[in-house]
Amino acid sequence: MAGGVTQTEYWNGEVGVRWARSQAVLDAMFVPLTEALFARAPLAPGDRVLDIGCGAGATTLEAARRIGPGGAVTGADISAPLLAVARSRVAAEAPGAAPVVFVEADVEQADLGHFENALSRFGVMFFSDSGRAFANLRRMLKPGGRLTFLCWRPLSENLWVSVPRDAVLPLLPEIPPPPQPDTPGPFRFADADPLVALLRGAGFASVTCDALDRDIVLGQGETDAAATATATHVSLDLGPNSHLVREAAPDLRMQAEAAVTEVLRRHAQGGTVSLRAACWLVQAG
Ligand SMILES: C[S@@+](CC[C@H](N)C(=O)[O-])C[C@H]1O[C@@H](n2cnc3c(N)ncnc32)[C@H](O)[C@@H]1O
């Protein structure tokens, strides 16, 4: 991310628009992770649920389907383009489910009501002050309420990111510097110990942090070549390192695409390219 850009600018700019456009691809890719999140979140009929950094709303709508019409779900996000996609999905994807509201709000400071459950799929790593944000979330939970979320383990363990990244890095004129510790970004909570300490410091008495490994599908097709082409596109368009290639000169972009295609081809089998995703499945209460 370019220096000086706020998270609100980042998620309302080109990145938010690209994520909004690719909602279906991302949701399909994250299915095994989403299933694990909902297997852990103790949702019950009639609950009030907050989806933190809900993006295009897949998990908000899933929560609404699970808790049924007696409950209520709030999806909160700072990205107007993603919220627009989320709102457009409600009628078709959650008929007869709990009522859903999508609000444009910074969860770090907003007061959104009181909830039995707060959950998030990769929406908690971008706060400017994580301690303040988790304390705010703690305040919004009813007694006995639970915060359940997914975040990424280290980049090196996330082969869906590191495999294409390692193919591209040697081509770049400059290796990007590693992110500063405790700055917003997908791998901010890669280390479990500081994350657990942060949650305890925010007032959560009980915290569990379990490793979750799943193969996720980057591309599918009639042939391995077709699957590889899709996976290459997804990786270069949406992956956490896609900006490295997008910001490069055109000839370098072509070389990068060829390198990523070559490396992803090795992971294609039976018309599917899948690679390992490594997360923390965290619960705090
Ligand atoms: C990696 S995306 C995940 C989106 C969605 N949960 C999903 O799984 O598709 C991170 C999301 O967090 C949102 N976000 C970042 N900081 C936020 C904040 N302070 N309050 C609310 N949402 C935030 C972003 O706008 C973005 O939609």
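Let me start with one cut-off: a residue is buried when its relative accessible area is under 20%. Hold on to that number, and take phenylalanine 122. Its relative accessible area is 10%, so phenylalanine 122 is buried. One caution before we go on: this is a predicted model.

Let's stay with phenylalanine 122 for a moment. Where is it? Phenylalanine 122 sits in the loop between E4 and H7. Its backbone deserves a look too. The phi angle of phenylalanine 122 is near 60 degrees, which is a positive value in a residue other than glycine.

Now the ligand. There are 17 residues around the ligand. Which of them come nearest? The answer is Gly53, Asp77, Asp106, Val107 and Arg121. What about the classes in that shell? Count 10 nonpolar residues, four polar ones and three charged ones.

Take aspartate 77: a polar atom of its side chain lies 2.5 Å from an oxygen atom of the ligand. Then arginine 121: an N or O atom in its side chain is 2.6 Å from an oxygen atom of the ligand. With valine 107, the backbone does the work of our example. A polar backbone atom of valine 107 is 3.0 Å from a nitrogen atom of the ligand. And how much of the ligand does the protein cover? On its own, the ligand has 600 Å² of accessible area, and the protein covers 96% of that.

Is valine 107 buried or exposed? Its relative accessibility is 5%, so valine 107 counts as buried. For a sense of scale, go from valine 107 to threonine 230. They are 123 residues apart in sequence, and their C-alpha atoms are 34 Å apart in space.

Next topic: aromatic rings. A ring pair is described by the distance of the centres and the angle of the planes. How many aromatic pairs does the structure hold? It holds 11.

Here is one of them. Tryptophan 11 and phenylalanine 126 pair edge-to-face, at 5.2 Å centre to centre, with 80 degrees between the planes. Why care where they sit? Tryptophan 11 is in helix H1, residues 7–12, and phenylalanine 126 is in the loop between strand E4 (115–121) and helix H7 (130–140), so this pair ties together parts that are 115 residues apart in sequence. Both ends can be checked against our cut-off. Tryptophan 11 has 12% relative accessibility, so it counts as buried. Phenylalanine 126 has 16%, so it counts as buried too.

Another pair: phenylalanine 30 and tryptophan 152. This one is tilted, at 5.9 Å centre to centre and 55 degrees between the planes. Phenylalanine 30 lies in the loop between helix H3 (23–29) and helix H4 (31–40), and tryptophan 152 lies in strand E5 (residues 141–152), so the pair ties together parts that are 122 residues apart in sequence. Phenylalanine 30 and tryptophan 152 are both buried.

Rings also group. Tyr10, Trp11, Trp19 and Phe126 are linked into a cluster by ring pairs. And a ring can sit under a charge. Arginine 153 lies over the face of tryptophan 280, at 5.3 Å from the ring centre.

Now a quick tour of the strands. Threonine 272 is in strand E8, residues 272–284. At 19% relative accessibility, threonine 272 counts as buried, because the cut-off is under 20%. Its side chain makes a polar contact with the side chain of glutamine 220, at 3.4 Å.

Move to strand E6, residues 207–220. Aspartate 210 is there. Its relative accessibility is 32%, so aspartate 210 counts as partly exposed.

Last stop: proline 170. It is in the loop between helix H8 (159–168) and helix H9 (192–201). Is proline 170 buried or exposed? Its relative accessibility is 64%, so proline 170 counts as exposed. Proline 170 and alanine 259 are 89 residues apart in sequence, and their C-alpha atoms are 10.0 Å apart in space.

That's my tour. Questions are welcome.

Terms used:
Residues numbered from 1 in each chain as written. Predicted model: local features only at pLDDT ≥ 70, side-chain atom pairs only at ≥ 80, totals over all residues. Heavy atoms only, no water. Near = heavy atom within 4 Å. Polar contact = N/O pair within 3.5 Å; in protein donor to acceptor, adjacent residues only side chain to side chain. Areas by Shrake-Rupley, 256 points an atom, 1.4 Å probe, with all protein chains shown as cover. Nonpolar A, V, L, I, M, F, W, Y, C, P; charged D, E, K, R; others polar. Phe/Tyr/Trp six-rings, centres within 6.5 Å; stacked < 30°, edge-to-face > 60°. Helix = DSSP H or I, 4+ residues; strand = E, 2+ residues; numbered from the N terminus. Buried < 20%, exposed > 50% of the residue type's maximum accessible area, 1.4 Å probe, protein only. Lys NZ or Arg CZ within 6 Å of the ring centre and 35° of its normal.
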